[in-house]
Amino acid sequence: MAHEEDALEHERASWKPSPGLAVAVPDPVQNPGLPPHRERITDKDPAAMQRAVRTVYTLFYLSLAGSIWAVAAYMLFPIESGQIVDIRHNNLFIGLGIALALLAIGIGAIHWSKAVMSDKEHIEPRHATRGRDVTREGAVAVFREANEESGFGRRTAIRGSLIAALVASVLPGITLFRGLAPESSPENPIAGDPVALLSHTMWKKGERLAHDPTGEPIRAADLTLGSAVHVIPQSLAELSHSDGYLEEKAKAIVLLMRMLPEQIVEAEDRKSWSYNGIVAYSKVCTHVGCPVALYEQQTHHLLCPCHQSQFDVTHGAAVIFGPAARPLPQLPITVDSEGYLIAQSDFTEPVGPSFWERH
């Protein structure tokens, strides 16, 4: 019996239909067709259609108001005052204005498509696309049909409000660019010149290096091998926010590291810029200005977390990987009579991104 079952199983596995034999294979998926069309209330009731149209252009005008409010908030709450309250209000109200502008456009467009545009099922057969006259005429016909179905050409209230909302939606972003470089004034003639602004920081001859943010001065003897310390000018800690604390700190932040003196490969004109294996480099990445704050003790590499630029501290913070275009500016340092680390001068080149024009 077992022998016969094995023979049957072998026969089933080896059986193949003859070339002339037709085998019927049932269709596994049946075409369900389109469901019954359900008319919208706006298709059946002209008054409902008018309400939907009013809702759409009201949302677009609400978006326009949000964009205008964001621009107004930028002027009503200027961050140049340096007051924390103004900075918070600036961020809050500009953000609310931009959010309202974009949200209202999105909701209005969705409501337009669901309640006002044509609600008919369409079949678009595939066809070869060739750049012939008939193809171009067909494309024009498609746009004409789309205009007719959407009502964009007929419904002037929707069209005008949408165009106004879209144009106004970019104004807050353009307005915010003004804060990147304030206009110059007799009191601050270099305010409108980013090259001059980034060429000078609070570092000067004799300025003590201090811990960030406490402002406590740093003694060279207190630094251990392999350490990395976040540093600011000592006098920066005495500034208030209204006196430009954040702006000055953004340019003057420094990372201080200590290694064996023999590990440092220094150019001839920079041999006096370090002290007993202690070096100081700007924390502002030369790519787009992110803070370079990740130090790897074994390789002596600095990493920028934004775009992964890497700098070799043993070779003048030279770029060894990533999009940064130049080394980090080095701060010349030494010690004073009390053993505290001090700056020999300001940076000798502009800090920050390389796309700023440099002399």
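A residue is called buried when its relative accessible area is under 20%, exposed when that area is over 50%, and partly exposed in between. The structure discussed here is a predicted model. By that scale tyrosine 57, with a relative accessible area of 23%, is partly exposed, and tyrosine 61 falls in this class too, at 40% relative accessibility.

These two tyrosines belong to the aromatic pairs of the model. A search of the whole structure finds 4 such pairs. In the pair made by tyrosine 57 and tyrosine 61, the ring centres are 6.3 Å apart and the planes stand at 75°, so the arrangement is edge-to-face, because planes over 60 degrees apart are classed that way. Both residues are in helix 3 (residues 46–76), and being 4 residues apart there, they are separated by about one helical turn.

A further pair is formed by phenylalanine 60 and tryptophan 112. Its rings are also edge-to-face, at 6.4 Å centre to centre with 80° between the planes. This pair links distant parts of the chain: phenylalanine 60 lies in helix 3, tryptophan 112 lies in helix 4 (residues 84–115), and 52 residues separate them. Phenylalanine 60 has 0% relative accessibility and counts as buried. Tryptophan 112 is buried as well, with a relative accessible area of 7%, because the cut-off for burial is under 20%.

Trp69, Phe77 and Phe93 form one aromatic cluster. Elsewhere, the ring of tyrosine 340 has the charged end of arginine 219 sitting over it, 5.4 Å from the ring centre.

The remaining part of this account concerns a sheet. Strands of a sheet pair through backbone hydrogen bonds, in either a parallel or an antiparallel sense. The sheet in this model is open, has 4 strands in the order 5-6-7-8, and is paired antiparallel. At its edges are strand 5 (294–296) and strand 8 (318–321), each of which pairs on one side only. From one strand to the next, the twist averages 35°.

Key: Residues are numbered from 1 along each chain as its sequence is written. This is a predicted model: local features need pLDDT of at least 70, side-chain atom pairs count only at pLDDT 80 or more; totals for chains, interfaces and linings use all residues. Side-chain values use heavy atoms; hydrogens and water are left out. Rings of Phe, Tyr and Trp (its six-membered ring) pair if their centres lie within 6.5 Å; planes under 30 degrees apart count as stacked, over 60 as edge-to-face and the rest as tilted. Helices (H or I, at least four residues) and strands (E, at least two) are DSSP runs, numbered from the N terminus. Buried means under 20% relative accessible area, exposed over 50%, partly exposed in between (1.4 Å probe, protein chains only). A charge sits over a ring if NZ of Lys or CZ of Arg is within 6 Å of the ring centre and within 35 degrees of the ring normal. Two strands pair if DSSP finds at least two bridges between them. Axes are lines fitted to C-alpha atoms, for helices over the stretch in contact, and angles run from 0 to 180 degrees between N-to-C directions.
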